[in-house]
Amino acid sequence: MVAERVQALALGGLNKLPAQFIRPAHERPENTVAVDGVTVPVISLSQPHDVVVKEVAEACQEWGFFLITDHGISPSLIQRLKEVGQEFFELPQEEKEAYANDAACGKFEGYGTKMTKNLEEKVEWIDYYFHVMAPASKVNYDVWPKNPPAYRGVTEEYSKEILRITENLLQLLSEGLGLAGKVLKSCLGDEELELEMKINMYPPCPQPELALGVEPHTDMSALTILVPNDVPGLQVWKDDNWVAVNLLENALFVHVGDQIEVLSNGKYKGVLHRSLVNKECTRMSWAVFIAPPPEANIGPLSELVNDQNQAKYSTKTYAEYRHRKFNKLPQ
Ligand code: OGA
Ligand code: NI
């Protein structure tokens with residue numbers, strides 16, 4: 001089945017949003033406006049180590065989300081990452097289709113658009129590109145864009161930088177739980193830790209007040225590190241309100257995902273988030289999902305569980321967790 005791409009639909013010049021994109025009233029951005037005057041935590045990694053541990057731990061407990069600055073990734077690398085991703089989506093439709101994924105056949109990597117399984121189900125206003133970036137043994141370059149030619153080099157460079165920052169963050173999060181710095185990385189598979197790139201592409205939308213780019217969800221990863229282009233749209237759920245995440249040049253957006261919530265036995269919160277779309281502008285974002293290998297067994301850390309603090313989550317492999325999440329089965 002040939003998927004209908006949102007980008008192609010938008011280019012056709014719609015003035016009304018097709019029915020499958022119209023969210024039910026209680027989900028619509030026009031009825032669920034973000035609260036005023038609340039801003040997400042911003043943490044500079046250049047502060048003294050104990051200050052960074054404390055701020056990161058607080059943000060993970062209260063928000064499950066924060067921005068980091070002074071992370072050491074050069075602005076020019078972030079700029080090049082955005083350029084190569086944008087150039088891919090500007091290719092002729094036919095050229096992009098050569099990379100089409102096929103989730104029904106278990107081929108998750110490549111160019112994709114979510115398709116409805118039934119008429120009531122609503123879809124998101126988004127196309128994407130998804131592929132594994134690390135570890136090397138799991139990378140299949142055949143499913144990476146070959147055009148623009150710089151895509152591979154830039155993405156490999158970014159992957160190394162994200163791995164460095166991930167190791168730093170996992171150490172900070174471990175220490176924030178009162179544990180040795182290596183604990184979380186070790187539970188997440190050490191050198192088998194997986195990094196997955198998802199480029200999100202949200203074309204201009206004729207009626208953004210009725211649509212969502214991505215619906216409310218938590219990421220099933222351990223952490224997600226995201227950079228957006230210059231169009232805002234991400235919102236995080238905090239104290240019964242949506243909070244809009246303002247743009248901050250060169251900051252990285254860090255999401256706590258489900259696996260860290262489970263490992264910390266709920267001390268750190270996986271953040272519920274969604275994204276809105278824009279009438280005039282194309283929004284893009286580059287999300288790196290940081291996840292354990294499928295065979296890793298993930299449950300509350302034994303160091304955090306005792307008679308007073310019982311395990312709040314069951315222990316299972318990441319493959320099993322993913323299966324249940326995809327099929328909306330209880331964990
Ligand atoms: C995601 C996601 C939000 C965004 O890809 O999981 O939540 O800002 N994206 O694009
Ligand atoms: Ni997400």
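# A walk through the predicted structure

Asn265 sits in the loop that runs between helix H7 (258-263) and E11. In this predicted model, Asn265 has a positive phi of about 55°, although it is not a glycine. Because its relative accessible area is 6%, and buried means under 20%, Asn265 counts as buried. Asn250 has a positive phi too, of about 65°, and is likewise not a glycine. Asn250 belongs to the loop between strand E9 (241-244) and strand E10 (252-256), and with a relative accessibility of 28% Asn250 counts as partly exposed.

The nickel ion (ligand 2) is coordinated by His217 through NE2, by Asp219 through OD and by His273 through NE2, at 2.1 to 2.2 Å. Along the sequence, the spacing of these donor residues reads H-x1-D-x53-H.

Another place to look is Phe65, in strand E2, which spans residues 65-69. Phe65 is buried, with a relative accessible area of 0%. Leaving aside residues up to four places away in sequence, Phe65 touches a set of residues that includes Val40, Pro41, Ala59, Leu234, Val236 and His255. Phe65 and Leu169 are 104 residues apart in sequence, while their C-alpha atoms are 12 Å apart in space.

The loop between strand E4 (127-134) and helix H5 (151-176) holds Pro135, and Pro148 is also placed in the loop between E4 and H5. A cis peptide bond joins Ala134 and Pro135, with omega about 0°, and a cis peptide bond, again with omega about 0°, joins Asn147 and Pro148.

Stepping back to the whole chain, the protein has eight helices and 14 strands. Its radius of gyration is 19 Å, close to the 20 Å that the globule rule gives for 331 residues, so the protein is as compact as a globular protein of that length. Of the 331 residues, 52% count as buried, and among contacts between residues at least 6 apart in sequence, 77% join residues at least 24 apart. The accessible surface comes to about 15,400 Å², of which 52% belongs to carbon and sulfur atoms. The protein carries 32 positive and 46 negative side chains, and the centres of these two sets lie 3 Å apart.

Key:
Residues are numbered from 1 along each chain as its sequence is written. Chains are lettered from A and ligands numbered from 1 in the order in which they are written. This is a predicted model: local features need pLDDT of at least 70, side-chain atom pairs count only at pLDDT 80 or more; totals for chains, interfaces and linings use all residues. Side-chain values use heavy atoms; hydrogens and water are left out. Helices (H or I, at least four residues) and strands (E, at least two) are DSSP runs, numbered from the N terminus. Buried means under 20% relative accessible area, exposed over 50%, partly exposed in between (1.4 Å probe, protein chains only). Contact means heavy atoms within 4.5 Å. Donors are N, O and S atoms within 2.8 Å of the metal (3.2 Å for Na, K and Ca); water is not among the atoms, so sites may look incomplete. The radius of gyration is taken over C-alpha atoms; the globule rule is 2.2 Å times the number of residues to the power 0.38. Accessible areas come from the Shrake-Rupley method with a 1.4 Å probe; for residues, only the protein chains shown count as cover. Lys and Arg count as positive and Asp and Glu as negative; His and the chain ends are not counted. The place of a charge is taken as NZ of Lys, CZ of Arg, CG of Asp or CD of Glu.
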